[in-house]
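Have the sequence and the model at hand as you read.

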Amino acid sequence: NAGVTQTPKFQVLKTGQSMTLQCAQDMNHNSMYWYRQDPGMGLRLIYYSASEGTTDKGEVPNGYNVSRLNKREFSLRLESAAPSQTSVYFCASSGHHSNQPQHFGDGTRLSIL
Amino acid sequence: QKEVEQNSGPLSVPEGAIASLNCTYSDRVSQSFFWYRQYSGKSPELIMSIYSNGDKEDGRFTAQLNKASQYVSLLIRDSQPSDSATYLCAVILGSGGGADGLTFGKGTHLIIQP
């Protein structure tokens with residue numbers, strides 16, 4: 001019973017490098033989300049996908065791109081990493097009905113040097 | 001600006017007592033409210049969801065919602081040391097669907113003293 005799986009769990013990058021954070025869910029959920037969590041800032045929405053084939057910006061989308069590869073997978077890409085993107089990144093998913101709670105993956109701890 | 005506010009704490013409660021966690025939100029038309037628990041270094045874990053005014057009970061947890069006052073709370077009865085964590089209030093702001101994402105408060109750090 002995996003739920004939401006994120007890879008990698010930890011990553012260190014140099015400024016200017018690129019990488020993709022992977023997320024997959026096995027709950028047949030329609031909606032998927034990417035958040036970042038920073039000390040003193042709480043969790044903030046980066047991008048979301050209401051359904052396969054659609055993506056929309058959240059509160060803090062600058063510097064990120066996303067791809068909803070299929071119903072199960074939603075990836076987050078940093079094209080040119082900056083130290084300000086050092087954070088813990090969480091992927092979440094929720095069911096078809098609009099007010100369903102979101103279920104979170106274990107997170108990716110990303111450091112940009 | 002649409003916001004969710006929580007007292008950051010720490011809130012210290014003796015073991016066996018009732019812990020009361022509070023949250024206010026700015027958007028009057030919000031309909032969906034959630035409490036998550038987050039242990040240090042771990043991901044948020046859903047505890048309760050509440051959509052209607054009044055109380056909702058699940059084991060030792062009770063969520064309370066007052067839409068007129070734009071206020072949601074979480075009570076933890078018979079607090080245990082294992083309840084020590086950060087509790088996140090999350091709201092789907094506005095009347096729209098959950099696909100708009102959750103807006104989180106910054107969390108209240110709860111410490112249960114043995």
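## Ground rules

Buried means under 20% relative accessible area, exposed means over 50%, and partly exposed is in between (1.4 Å probe, protein chains only). This is a predicted model, where local features need pLDDT of at least 70 and side-chain atom pairs count only at pLDDT 80 or more, while totals for chains, interfaces and linings use all residues. Residues are numbered from 1 along each chain as its sequence is written, chains are lettered from A and ligands numbered from 1 in the order in which they are written, and side-chain values use heavy atoms, with hydrogens and water left out.

## Where the chains meet

Chain B brings 20 residues to the contact and chain A brings 22 residues, with contact meaning heavy atoms within 4.5 Å. Together they bury about 1600 Å², 55% of it on carbon and sulfur atoms; buried area here is the accessible area (1.4 Å probe) that two parts lose on being put together, summed over both.

How many salt bridges are there between chain B and chain A? The count is 0, taking a salt bridge as a side-chain nitrogen of Lys or Arg within 4 Å of a carboxyl oxygen of Asp or Glu. On the side of chain B that touches chain A, strand 4 (32-38) and strand 9 (85-92) of chain B each supply at least two residues (strands are DSSP runs of E, at least two residues, numbered from the N terminus). Strand 4 of chain B gives the most, with 4 residues.

## Salt bridges in chain B

Over all chains, the structure holds 7 salt bridges. One of them joins B:Arg77 to B:Glu57, with the closest N and O atoms 3.4 Å apart. B:Arg77 sits in the loop between strand 8 (71-76) and strand 9 of chain B and B:Glu57 in strand 6 (residues 54-58), so the pair ties together parts 20 residues apart in sequence. B:Arg77 is partly exposed at 27% relative accessibility, whereas B:Glu57 is exposed at 59%.

B:Arg60 and B:Asp83 also pair up, at 2.9 Å, N to O. B:Arg60 is partly exposed, at 27%, but B:Asp83 is buried, at 1%.

## Salt bridges in chain A

A:Lys9 and A:Asp106 meet in a salt bridge at 4.0 Å, N to O. A:Lys9 lies in the loop between strand 1 (4-7) and strand 2 (10-13) of chain A, and A:Asp106 in the loop between strand 10 (103-104) and strand 11 (108-112), so the pair ties together parts 97 residues apart in sequence. Both ends are partly exposed: A:Lys9 at 45% and A:Asp106 at 48%.

There's a network too: A:Arg36, A:Asp38 and A:Arg44 are linked by salt bridges.
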